[in-house]
Amino acid sequence: MFQYEFMQRAFLAAGLISLIAPVLGVYLVLRRQSLMSDTLSHVSMAGVALGSVLHLSPVLCGFLFAILGGIVIEQLRRTYRSYSEVPVAIIMTSGLALAMVLMSLKTSLNKSFNAYLFGSIVAVSETQLAVIAAVTLIGLLFFVLLRRPLYNLTFEEDTAAVSGVRVKLLSFAFAVVTGMIVAAAMPIVGVLLVSSMIVLPSAFALRFAGGFASAAILAVATGMVGVFSGLTASYYTNTPPGGIIALILLAILLVGIGVKRVVKRTAKRRIAKAGMPVRQQTHQTLKEGASK
C-alpha cells in the first residue's frame with residue numbers, strides 16, 4: 001500500500017489533519033458551534049465551484065470562501081446573540097444554494113466534484129499536502145500560543161473581556177482558523193463528512209477525559225485511529241474514505257458510550273451490594289437501642 005506515492009501523501013495529509021482538526025472540534029463543541037464546520041464545508045464547496053467556473057484554482061477559492069464564511073458567521077453571531085443557530089443556518093443555505101447554481105453553469109463539474117463531496121485518497125496532490133502542512137502549523141501555533149485566552153473565551157466570553165482579552169479580535173481569528181482547517185480537511189473526508197472528523201473525536205474525548213488538556217490529547221488520538229484505519233479500509237475496499245472514516249469514528253463513539261454505561265452499572269451494583277450489610281447492621285443497632 002505504501003509503495004504508491006498517492007497513498008504516502010494521503011496518510012501524511014491525514015496525519016497532519018488529525019493533529020489539528022480534533023483540537024478545533026473540542027473548542028467548537030464546548031462553544032456549542034458544532035455545526036459551524038459543516039456550514040463552512042458547504043461554503044468552501046461553493047468556492048471550489050466558483051474557481052472551476054472561472055478557471056481559477058479550486059483549492060485556493062475553497063480556502064478563501066471558507067475563511068470568508070467563518071468571518072461572516074462570527075459577525076452574524078454578534079448580531080443574533082440570542083439566536084446562535086441563525087447565522088449557521090443562513091450561511092449554510094446560502095453556501096449550498098450558490099454551489100448548486102455554479103455547478104449548473106458547468107455540467108462537467110459534476111464528475112470532478114465527487115472527490116470534493118466524498119473525499120478521495122488519490123486527490124491529495126503535493127500542493128494540497130503543502131497547504132495542509134501550513135494550515136496544521138498555523139493551527140497548532142494558534143491553539144498553543146493563545147490557549148489561555150481561548151480557554152477563557154470558550155467558557156465565559158464576558159469574563160474574558162473583563163480580564164483583558166480582546167474578545168472580538170480573538171473570535172474573528174478563531175473563525176478564520178476554523179475555515180482554514182475545514183478547507184484543508186476536504187481532500188481527505190470530503191465536504192459532506194468533514195464535520196465528522198472534527199466533531200466525533202472531540203465528542204468521544206469530552207465524554208471520557210477528565211480535563212481540557214486530556215480531552216484535546218484523547219481527541220487527537222481518536223482522530224488518528226479513525227483516519228488511519230479508515231484510509232486503510234478505503235484502499236482495500238475501494239470505497240470513499242470519508243464515509244469509512246466517519247463510520248469508524250462513530251463506532252468508536254458508540255462503543256465507548258456503551259462501555260462506560262456498563263462500567264457505571266457494574267460499579268453501582270457493587271456499591272449497592274457492599275452497602276447492604278452496612279445498612280442492615282445500622283438498622284439492627286437502632287432497633288436494639290430503641291428496645292432498651
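Helices (H or I, at least four residues) and strands (E, at least two) are DSSP runs, numbered from the N terminus. By that rule, the protein has twelve helices and zero strands, so the order of elements from the N terminus on reads α-α-α-α-α-α-α-α-α-α-α-α. This is a predicted model, where local features need pLDDT of at least 70 and side-chain atom pairs count only at pLDDT 80 or more, while totals for chains, interfaces and linings use all residues. Residues are numbered from 1 along each chain as its sequence is written, and side-chain values use heavy atoms, with hydrogens and water left out.

**Overall picture**

- Of the 292 residues in the protein, 44% are buried; buried means under 20% relative accessible area, exposed means over 50%, and partly exposed is in between (1.4 Å probe, protein chains only).
- The protein exposes about 15,200 Å², and carbon and sulfur atoms supply 67% of that area. Accessible areas come from the Shrake-Rupley method with a 1.4 Å probe, and for residues only the protein chains shown count as cover.
- Take the contacts (heavy atoms within 4.5 Å) between residues at least 6 apart in sequence: 77% of them join residues at least 24 apart.

**Nonpolar cores**

- A nonpolar core is a set of buried Ala, Val, Leu, Ile, Met, Phe, Trp, Tyr and Cys residues joined through side-chain atoms within 4.5 Å.
- The largest one has 56 residues, and Phe143, Phe174 and Ile181 touch the most other members. Helix 9 (residues 167-189) supplies the largest share of this core, with 13 residues.
- Leaving aside residues up to four places away in sequence, Phe143 touches Ile20, Val23, Leu24, Tyr27, Leu150, Phe174, Val177 and Ile181.
- There is also a second, separate core of six residues, including Met45, Val48, Met186 and Val191.

**The second largest pocket**

- Here is how pockets are found: on a 1 Å grid over the protein atoms alone, a cavity is a set of points where a 1.4 Å probe fits but cannot get out, and a pocket is an open set with protein on both sides within 12 Å along at least five of seven lines; lining residues have an atom within 4 Å of a point.
- The second largest pocket holds about 230 Å³ of space. For that number, grid points are joined across faces, edges and corners, and the volume is the space filled by probe spheres set on the points.
- Its lining is made of Leu19, Val23, Tyr27, Leu140, Phe143, Val144, Arg147, Phe212, Ala213, Ala216, Ile217 and Val220. Two or more lining residues come from each of helix 1 (5-30), helix 6 (126-145) and helix 11 (212-237), and helix 11 gives the most, with five.
- By type, the lining has eleven nonpolar residues, no polar ones and one charged. In that count, Ala, Val, Leu, Ile, Met, Phe, Trp, Tyr, Cys and Pro are nonpolar, Asp, Glu, Lys and Arg are charged, and the others, Gly among them, are polar.

**Residues that link helices**

- His42 sits in helix 2 (residues 35-53) and counts as buried because its relative accessible area is 9%. Not counting residues up to four places away in sequence, His42 touches Met92, Gly95, Leu96 and Val191.
- Met180 belongs to helix 9 and is buried too, at 13% relative accessibility. Beyond four places in sequence, Met180 touches Phe63, Ile67, Val135 and Ile138. Met180 and Leu64 are 116 residues apart along the chain, yet their C-alpha atoms are separated by 8.3 Å.

**Helix 10 and Ile257**

- Helix 10 (residues 194-208) is mostly covered, with eleven of its 15 residues buried. Among them are Met197, Ile198, Val199, Leu200 and Phe204.
- Ile257, in helix 12 (residues 241-291), is partly exposed because its relative accessible area is 23%. Ile257 touches Arg207 and Phe208, not counting residues up to four places away in sequence.

**Two loop residues with positive phi**

- Arg32, in the loop between helix 1 and helix 2, has a positive phi of about 60° although it is not a glycine. Arg32 is exposed, at 77% relative accessible area.
- His55, in the loop between helix 2 and helix 3 (58-79), also has a positive phi, near 60°, and is not a glycine. His55 is exposed as well, at 68% relative accessible area.
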